[in-house]
Structures are given as structure tokens and as C-alpha cells.
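Biologist: Let us go through this model feature by feature. Please give me the general idea first, then the case at hand.

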Amino acid sequence: MKTIEVLATGTMMPLIMEQLEATFTLHRLPAAQDRDAFMAAVGPRIRAVATGGHAKMDDAFMRRLPKLEIVANFGVGYDSVDAAWAGPNGILVTNTPDVLTEEVADTALGLLLMTVRELSAAERWLRAGQWVGKGPFPLTAHTLRGRSVGILALGRIGKAIAKRCEAFGLTIAYHGRSEQKGVPYRYYANLVEMARDVDILISVAPGGPDTFHIIDAEVLRALGPQGILINIGRGSVVDEPALIRALKDRTIASAGLDVFENEPKVPEELLAMEHIVLLPHVGSGSQHTRRLMGQLVVDNIVSWFSGKGPITPVAETPWPRPKG
Ligand code: NAP
């Protein structure tokens, strides 16, 4: 397969780079200032792209790769790839579902507990010597006891979060574009109504235009002054300025956020708030899970060029694996 030319759009894990380099002719996308010349010279020969959330794969970019057959995305969320354009233009898009589901759900529960029980503030209290100086950490205003959660986007990760929430004795509801058969949780067709009825709103919704800012000022008002928002999905789903206002004026009680609108930049107003929890997008971030994700990126490209079809194509390019 050495004659097949593959492009990596950024620094990816050694596991990915080493295997792609050994199997194909691998190119690395250069820094922005040298990109035009590179794309003109090498672009016409590229047949596969390995990419991640760090690079925007829009139609303008893909048009410069006329022989492109497959975009293999590192991550289950592929909102940085214009799959809706790729599909009709004959370009397959793959992502890395399933292998990260349990890890992200674990992180979501960690973030939930940290936020509700103010665990990071409690640790800061201890480390700053305040346990000795001022006494015990103040009792937390919030608890998970007797509480309800509403999950926005009950997909693979949403269901794994729900399973964990069940074990914690929480009442569970969900919102998505349609009701799911065989799911034992209450379905809300309307996100505002669900936010009004639950204590904690957990978002694990994908990014992209359809979910842009669907958690807005109205949803936050409905969540209310005792309400807590957990976002482990995508930053773009939450109207961040509206969230900052809601946290400042206590329209909602608190938030636990693993994802942000303009990563890795986090608004100063959020950084300054002691009563919320902020994580640097670590949902799937264990070596174990990232290795599985990286391997799936490589395996999708190898499988495609071996004539075995994609392993994990996205919904917009549901191309089958050939029989036999
Ligand atoms: P999934 O199985 O495809 O589930 C996505 C869910 O989103 C579906 O159940 C779908 O339900 C719902 N959905 C889609 N569009 C919607 C809309 N407009 N309104 C409401 N619900 C909508 O994906 P997954 O594997 O669970 O991953 C979900 C997302 O988690 C990813 O896309 C990614 O953005 C995020 N993620 C974050 C991290 C992290 O490190 N923080 C790690 C991995 C993934 P309906 O079809 O019923 O609407």
C-alpha cells in the first residue's frame, strides 16, 4: 500500500503516525503559512486523510484533494468534518464510536459528582491549609440524593451515563429528536420542558449546526436556581455567554463543563468562578481508550484500501462492507 498517499492534518498519536508511515506514504499538513504550496503540490495525490477535532475539514479543504476517498476522524464527534458534503461527493467519513463510550460515561459521572458535591473546591480548601486554619469545608448545598437528571442526547454515551445514574438511584429522563423504543426512561420531545422538570441537565449531544446553542437562556431559566448543568458533549451546544450570565446571576446553581465553545480557550468569567467545575476536554482521555481510538483510525484506512470497506462509517456515509 506504499503507493497510497495519506495526509495527517496535525500531530496525532505516535501509534497512528507510526502505522500510517509504515503502511502508506504519509504526509503531514504543514503550518498555515506553507499550506497553499503543499496543497498545490501534494493535494492532488492524497487518497486518505487522518484527522481530529484540531483541523476543520470543510468542503473548501476537501475540494483541494480531488482523489480523496476516506477521511478517518479521531473521535466519535466529527462536527469538524463536513460529512454532509463528503457523502454526496463520494468521500467516506469514519469516526471512533463505542471504544470510548464507557470512559466518557465514567468522566461524566466524575464531573457530576465533583460539581454537585464541590469536590474540587473541597480539595483546594485542604491544599490551601484552610482545613487546619478555618475548619471543615462548608456543607454542600447540593446532593444527588433524591434528585433527577435529564440527559440531552441518549445515544451510546448517553445510555452509558444513564446506566450509571440508575446505579446512583437517580430518576432519569431524556430528550432527543425522537422517542426511542425499549428505553425505560421518560422521553421529553421538548428540551425546555425537560429542563423545567429535572434537577440536573447532562448534555452529551454532538456538535454541528443542528445542536448549535440549543442549551440557551430559556433552557437555563427552565433549569432554575437549584439546577445544575453538566456538559460532556460539545461546547457549541451551549450558548456560552448565556451560561456565564446564568451562573453569575444564579439563574442556575452550578455547572460542570468538560467542553467549551472555543477550545482550548475558556472565558475568563468561567475561570474566575469558584463554584463551578471546569475540565480540559478529558472525557476519553486515558491512554487505554485513546490507544483504542487511534487504532480504529488506522484500521478504518487500512480496511478501506484492502477492499473490505469501512469499519465505522458515520451516518452521512453509511457505506457497507462488501460481503465475503
Ligand atoms: P451517538 O451514539 O451518535 O449519539 C448521539 C445522540 O445525539 C443520538 O442519540 C441522537 O438522538 C442525539 N442527537 C443528535 N442530534 C440531536 C439534536 N439535534 N437534538 C437532540 N439530540 C440529538 O454518539 P455518542 O457516541 O453517544 O457521542 C455523543 C457525542 O459526545 C459526540 O458526538 C461528541 O460530540 C461527544 N463526545 C465528547 C467527548 C469528550 O471527551 N467530552 C468524548 C466523546 C464524545 P436522536 O437521533 O434521537 O436525536
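Biologist: Is Arg-28 buried, partly exposed or exposed?

Modeller: Partly exposed. The model is predicted, and in it Arg-28 has a relative accessible area of 44%.

Biologist: Which residue forms a salt bridge with Arg-28?

Modeller: Side chains of opposite charge can pair when their charged atoms come close. Here Arg-28 forms a salt bridge with Glu-21. Their closest N and O atoms are 3.5 Å apart. Glu-21 is partly exposed, at 37% relative accessibility.

Biologist: Where in the chain do Arg-47 and Glu-69 sit?

Modeller: They form a salt bridge, with the closest N and O atoms 2.7 Å apart. The pair links distant parts of the chain. Arg-47 belongs to strand E3 (residues 46-52). Glu-69 lies in the loop between helix H3 (59-63) and strand E4 (70-74). The two are 22 residues apart. Arg-47 is partly exposed, at 26% relative accessibility. Glu-69 is partly exposed too, at 22%.

Biologist: How should I read a salt bridge inside a helix?

Modeller: Think of the helical repeat. An α-helix has 3.6 residues a turn, so residues three or four places apart point the same way. Now take Arg-63 and Asp-59, whose side chains meet in a salt bridge at 3.1 Å, N to O. They are four residues apart in helix H3, so about one helical turn separates them. Arg-63 is exposed, with a relative accessible area of 53%. Asp-59 is partly exposed, at 24%.

Biologist: How many salt bridges does the count come to?

Modeller: The count comes to 12. Some charged residues join up in a network: salt bridges link Glu-102, Asp-106 and Arg-164.

Biologist: Now the strands. What should I keep in mind about side chains there?

Modeller: In a regular strand the side chains alternate between the two faces of the sheet. Burial still has to be checked strand by strand. E3 is mostly covered, with six of its seven residues buried.

Biologist: Which strands pair with E3?

Modeller: Strand E1 (residues 5-8) runs parallel to E3, and four bridges join them. Val-6 has Ala-48 in E3 as its bridge partner. E3 also pairs with E4 in the parallel sense, over five bridges. There, Thr-51 stands opposite Asn-73 in E4.

Biologist: What do the buried residues of H1 pack against?

Modeller: First, the residues themselves. In helix H1 (residues 14-23), Leu-15, Ile-16, Met-17 and Leu-20 are buried. The buried residues of H1 pack against E1, strand E2 (25-28), E3, E4 and helix H13 (287-305).

Biologist: In what order do the strands of the seven-stranded open sheet lie?

Modeller: The order is E8-E7-E6-E9-E10-E11-E12, and the pairing is parallel. Look for strands that pair on one side only: the edges are strand E8 (186-188) and strand E12 (277-278). At the E8 end, strand E7 (residues 171-175) and E8 pair in the parallel sense over three bridges. Tyr-174 has Tyr-187 in E8 as its bridge partner.

Biologist: Which strands does H5 lie across?

Modeller: Strand E9 (200-203), strand E10 (228-231), strand E11 (254-257) and E12. H5 runs at about 150° to E10.

Biologist: Which residues have the most contacts inside the largest nonpolar core?

Modeller: Ile-161, Ile-215 and Leu-229, in a core of 84 residues. Its largest share, seven residues, comes from helix H5 (residues 101-116). Domain 1 (5-99 + 288-305) and domain 2 (101-278) each supply at least three residues of this core. A second, separate core has 21 residues, including Val-49, Leu-68, Val-71 and Val-81.

Biologist: What is Ile-215 in contact with, beyond neighbours within four places in sequence?

Modeller: Its contacts include Leu-152, Leu-191, Leu-201, Leu-220, Leu-229, Val-237 and Val-238. Ser-203 and Asp-239 are also in contact with Ile-215.

Biologist: Last, how many residues of each domain are in contact with the other?

Modeller: Eight residues of domain 1 are in contact with seven residues of domain 2. The domain centres, taken over C-alpha atoms, are 32 Å apart.

Technical notes. Residues are numbered from 1 along each chain as its sequence is written. This is a predicted model: local features need pLDDT of at least 70, side-chain atom pairs count only at pLDDT 80 or more; totals for chains, interfaces and linings use all residues. Side-chain values use heavy atoms; hydrogens and water are left out. A nonpolar core is a set of buried Ala, Val, Leu, Ile, Met, Phe, Trp, Tyr and Cys residues joined through side-chain atoms within 4.5 Å. Buried means under 20% relative accessible area, exposed over 50%, partly exposed in between (1.4 Å probe, protein chains only). Domain bounds come from an automatic or database domain assignment. Contact means heavy atoms within 4.5 Å. A salt bridge is a side-chain nitrogen of Lys or Arg within 4 Å of a carboxyl oxygen of Asp or Glu. Two strands pair if DSSP finds at least two bridges between them. Axes are lines fitted to C-alpha atoms, for helices over the stretch in contact, and angles run from 0 to 180 degrees between N-to-C directions.
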